Amino acid sequence: MSKNAFLTILRFCCLLGAGHLAAQQPDMVFHNLTEKEGLSYNIVNAFLKDRDGFLWVGTYSGLNRFDGAHFFVFKQNNDSTSLVHNSVHALCEDQSGNIWGGTDEGIFCYLKKQNRFIPYKKTAQGKIAGAHSILCDRNGTVWASGLPGLLRFDPAKNTFEVLHHVPSDSFSISNNRIHKNGLLEDPAGRGIWIATQAGLNFYDRQSRRFYNARNQTGNPLYSASPLSALAPSSEGHFWAMENTSKSILRIDARQQRIVQTVPTAQLAPNAYGATLFEDSRHRLWLSSWSYEILAIDYQQGNRIQKIKHSDTDESSIAGDFFWAAREDEEGTIWLGTVGGISTYNPAHSFYKVHRLAEKIPELRANFAIRGLIENPRDHSWWIIVVNNRVLHYFPQSEEYELLDLKTARPNARGERPAPLVSIQFLGDKTLFNTAAGSWQWSAKEPQIKAFTGLPAPWQDFRIRALGYETDSICWLNGQTQVLRWNLNTQAIESFAMGNDTAGMVYPTNLWGLVAKPGLDVWMHSMPYAIVRVDRRNKRLERVLLDNHGRTKMLGGFSDIDVDARGRVWMACKGQGLYSYDPGRDSTTVWRESDGLVFDHIMATTVDPLGQLWTAGYNKIAVFNPKTQNFYNFTLPLSTSNYGYVNYSTLLHSGHVTTTIMGDVVEFFPDKIATPPLTRQPVISLLRISGQDKILNGETSVLLEPDENFITIKFGMLTDQQAFPCEFDYRLDGVNDQWVSAGNSTEAVYTDLEPGTYAFHLIAKSKNKSWTTPEKTLTIVIRAPFYKTWWFRLLALSSLAFGLYALYRYRFTQKERMMQLESKAQALEKEKALVMYEHLKQHLNPHFLFNSLTSLGSLIRIDQAQAGDFLDKMSKVYRYILKNRDNEAVPLGEELKFVKLYIGLQQTRFEQGLVVNISIDDEYFHRKVAPVTLQNLVENAIKHNIADVDTPLVIDLFIEDDYLTVRNNLHRKNFVETSNKQGLANMASLYSYLSDRKMIVREDEHFFVVKIPLI
């Protein structure tokens, strides 16, 4: 090797070493669930995946059940069957499927089938407080740690017993202060490991003894140093944090010895272990009280990465501390942090973010990235950045160097590189194509100098883009020409626009070039045209695209690619996605209204599976031409900055890259179609008339007849970033076909008829590549009793019995019919007699005689008063004649009539007759028999003396819903017109008109008649 070559390689290695970025934020993309998604509180303490497919989440403010789409929150209330306390620190599931949890004020057991909580707040030694750890071992015993110490549930006594520290017993627990995450069942099931403030303890189930620093003095495992954060590992081992030395210990549980030590003091000197967790990729996660999260690859030299939350990066972890961690069947890691739930799937996530802007300050400016291409030889990335600089980046090692084109040697014309147009590769050379020409760079000769490799007479050809049809056939385009260069023979063919385009409004301006084996070579031009190389006619053919009547594009196409069928795909900012099919000479346009994620797309790339990836800022759409389906999503990157342009590239691996601001997102097309492990969605809740009915794995529910307006909520506990999916559902008897839920996770049904329904649910990927098995829930709506079979049978039986009884009744009644008819005739006769007697009372001739006598006297004395008397008298008889056929009249009309009659009598008796009427208007609508009051007043006058010395006082009033007529007693010795039957006839009449009897009462002072109001 020459000296110059050695120095060149050494310089290059130094540049790469200077740009090594292992200490930077790892390229992890987290999906976060917070209070905005329904979580009761962002500080998460515990996770539990139950046997029914739900995730239970303990927070500082409530217990949550998560079905993958909905959080259902349990809170403490005044009901004794509710959650014992809202701060839920630990969770476990017993062998019956019940959920146990530790809180600040005791322990609870949630009985799923009964939907109620059983509280455990006390032991024989006192109250339970600060129950921060809980587990159910393989024998079904529930263990917990709390303020009294180590707790063990005794099902026979239905209480917790305390296994506390006894100073005189060296085989008791060494300390009552047990750390959170400080209980772990022995991997072999021999007992329980406990992390205390005084070191590690092991409770041996067989001997019922604790082994610790007090009785195992020769074993360094049982030192008195405080340990915390117990976590299971593989091979029968477990992890613990030794907080004095700031080291993580891997412990062989069977041999009871330390087999590995992972020091963390250098990177996190203040770490005090809170939570440890090992994932399936043998990466160890540590959450420290110093609010540092470390991911440690303990099988690869203890390589440690720090993971930090960023307020400006939505894809960062939700918080810098976590209490809870789990990994599901698909390899998704769930972290319960102080800022919410964070999920991350390193195995199945279909994209990775290369956070170049965080690592390289030059990429933080707006419009910093102006292009990206992969070198096919070493798979490094070449990125055009601002100020005529180029970033050479190695994605595997995260090493890079920056090249400044201002340092390039000038070309033969004395020019230096103008602003970069593109970067291409020719053999081992990297070409920087600029408006002033092309310059070259290679690892062997890193000095940037002018490119002169084109044969004569094309040395001055200004290259804009370059593409390979084969390894030896290269296509190059300039502003108006295209060259086909045979690298073996150095022969060049030139293609230019034909004469038929001379009158074009827009001059030829070629951009982009796509050359693929066996396909035509395409470029794009302005305004909405593409250009094809017509090899047979040796020219360029301009194809004006049908814009389907839409607004003309401003600036034309921004990117172009060709799929395996020869269809040309173009991105147009503001106008959507274009596709041109040369075989049919047809253009198709997709906009947001057609399912495209965004009209302002700027980059498009066809992947090896034939899918089309498009990008418009941080909005991505994946289009499958076979199914004509879009899978749209928005990346949590650069959400408030749109000062950049997207560039897409297909990598040698088949991955697709897209630039977003100063970062590069690498997509894995093969993983977007990866199905999750065989699982079913879950049906979690029925909302019935605003009330929630929780479902815990039930396969059927029984509803009442009025519970026929229902909302069915469902989900699937999977990482939506790794396995994006949606749901289809069908209710037999209502939905003839599957209904797509779209972005919803519920189905609504109204006014369902009584009967039995089967609700079917499936989940499927958003790109339609996989579907889960069905989940079915049987819903029975009970029929109203009058629609049940037994009621109908009873009704038919009753009808038959009724018909028979009616027949017998009619038969037996025939014999009584004559008796009834005769009795009826007798009653009618009696009624007629009563009415006749009553009429006779109306037309009492004695009253008429007295009235005429009084009238004759008035005519001689006072003719005016006589006229008034005659008018009243006529009104009295008119009223009698008017109501002679009425059984009852309103009391108000009767009062008007009796006042006329009283007026006539007071003309006769003057001050010897006093009548007091005290009846409120509210009774005027009630009814009495006509002329009832007149008869009673007349009866009182007939039987009593009425003169000035002994006036007759008659009172009319309402008492106990009776019309009462009361008069004082000044009886006459002889009553000439009395037949002693008037009141008896009136009582008989009212027995027909009312269920209440007429009352006649007399004492030494008054005579009272009470008439029931009708």
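Predicted model: local features only at pLDDT ≥ 70, side-chain atom pairs only at ≥ 80, totals over all residues.
Reader: What makes up the secondary structure of the protein?

Author: The secondary structure comes to eight helices and 74 strands.

Reader: How many of the 1014 residues are buried, as a percentage?

Author: Buried residues make up 53% of the 1014. The accessible surface of the protein is about 47300 Å², and 50% of that belongs to carbon and sulfur atoms.

Reader: Why is A229 called buried?

Author: Buried means under 20% relative accessible area. A229 has 0% relative accessibility, so A229 counts as buried. This residue is found in strand β20, residues 227-232.

Reader: Why is Q490 called partly exposed?

Author: Partly exposed covers what lies between the 20% limit for buried and the 50% limit for exposed. Q490 has 34% relative accessibility, so Q490 counts as partly exposed. Its place is the loop between β42 (481-486) and β43 (492-496).

Reader: What is the phi of A229, and what is the phi of Q490?

Author: A229 has a positive phi of about 60° although it is not a glycine. Q490 also is not a glycine, and its phi is positive at about 65°. Most residues other than glycine have a negative phi.

Reader: How does the reach of α7 compare with what is expected?

Author: From its first C-alpha to its last, α7 reaches 17 Å, which is close to the 16 Å expected for twelve residues at 1.5 Å a residue.

Reader: Why should α8 span 16 Å?

Author: The expected span is 1.5 Å times one less than the number of residues. The twelve residues of α8 should therefore span 16 Å, and the end C-alpha atoms are 17 Å apart, which agrees. The buried residues of α8 are N985, M986, S988, L989, Y990 and L993.

Reader: How do you know that β72 and β74 pair?

Author: Two strands pair if there are at least two bridges between them. Seven bridges join β72 (residues 962-968) to β74, and the strands run antiparallel.

Reader: What makes β73 and β74 a pair?

Author: At least two bridges are needed, and β73 (residues 999-1002) and β74 have four, in the antiparallel sense. V1000 has V1009 in β74 as its bridge partner. β73 and β74 form a hairpin, with three residues between them.

Reader: What makes β74 mostly covered?

Author: Six of the seven residues of β74 (residues 1006-1012) are buried.

Reader: Which residues have the most contacts inside the largest nonpolar core?

Author: They are L891, L933, I954, L963 and I1011, in a core of 43 residues. Elements that each supply at least two residues of this core include α5 (863-882), α6 (891-909), α7, β71 (952-959), β72, α8 and β74. The largest share, eight residues, comes from α6. Apart from this core lies another, of 35 residues, among them A571, L577, F633 and I660.

Reader: Which residues are in contact with I954, leaving aside neighbours within four places in sequence?

Author: The list includes L913, V914, V915, V937, A940 and V965. Contact here means heavy atoms within 4.5 Å. Across the protein, among contacts between residues at least 6 apart in sequence, 55% join residues at least 24 apart.

Reader: How do you know that the count of disulfides is zero?

Author: A disulfide needs a pair of cysteine sulfur atoms within 2.5 Å. By this rule the count comes to zero. C109 is in no disulfide, and the nearest cysteine sulfur, that of C92, is 8.7 Å away.

Reader: Why are C109 and C572 called buried?

Author: The limit for buried is under 20%. C109 has 3% relative accessibility, so C109 counts as buried. C572 has 0% and therefore counts as buried too.

Conventions
Residues numbered from 1 in each chain as written. Heavy atoms only, no water. Buried < 20%, exposed > 50% of the residue type's maximum accessible area, 1.4 Å probe, protein only. Core = buried A, V, L, I, M, F, W, Y, C linked by side-chain atoms within 4.5 Å. Areas by Shrake-Rupley, 256 points an atom, 1.4 Å probe, with all protein chains shown as cover.
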